[in-house]
Amino acid sequence: MLHKGQESSSRRLTWVDRLTFKGWGCSECDWRFYPSGPPMGESLEEMKRNFEMQLSEEFASHGCAKHPRAKGPRFSS
Ligand SMILES: [Zn+2]
């Protein structure tokens, strides 16, 4: 289960589908998952597993405070 006292326990992985980025990101900040390389593994199943492992590890170790969402007039639509 989730540990209490983390900076944001409500954050979760969310699929980001934008023109500039397609992939996994954080629901609470501007963190994005960039795989460090092509998926490794001998089979598709293994690649998927490795990918998901890397994804959840990076997600768990990122700090939302370090990836503030770009706010302000710059992105006014
Ligand atoms: Zn975050």
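Reader: Which residue stands opposite K22 in strand 2?
Author: This is a predicted model, in which local features need pLDDT of at least 70, side-chain atom pairs count only at pLDDT 80 or more, and totals for chains, interfaces and linings use all residues. Residues are numbered from 1 along each chain as its sequence is written, and side-chain values use heavy atoms, with hydrogens and water left out. Strands are DSSP runs of E of at least two residues, helices are runs of H or I of at least four, and both are numbered from the N terminus. W24 in strand 2 faces W15, while the residue opposite K22 is D17.

Reader: How many bridges join strand 1 to strand 2?
Author: Two strands pair if DSSP finds at least two bridges between them. Strand 1 (residues 13-17) and strand 2 run antiparallel, and they form a hairpin with four residues between them. The number of bridges joining them is five.

Reader: In what pattern do the strands and the helix follow one another along the sequence?
Author: The secondary structure comes to one helix and two strands. Read along the sequence, the pattern is β-β-α.

Reader: How many residues apart are C26 and H62?
Author: C26 lies in strand 2 (residues 22-26), and H62 lies in the segment after helix 1 (44-61). Both C26 and H62 are buried, that is, under 20% relative accessible area with a 1.4 Å probe, protein chains only. The pair links distant parts of the chain, the separation being 36 residues.

Reader: Which residues make up the largest nonpolar core?
Author: A nonpolar core is a set of buried Ala, Val, Leu, Ile, Met, Phe, Trp, Tyr and Cys residues joined through side-chain atoms within 4.5 Å. Of the 77 residues of the protein, 22% count as buried. The largest core has seven residues: C26, C29, W31, F33, L55, F59 and C64.

Terms used: Buried < 20%, exposed > 50% of the residue type's maximum accessible area, 1.4 Å probe, protein only.
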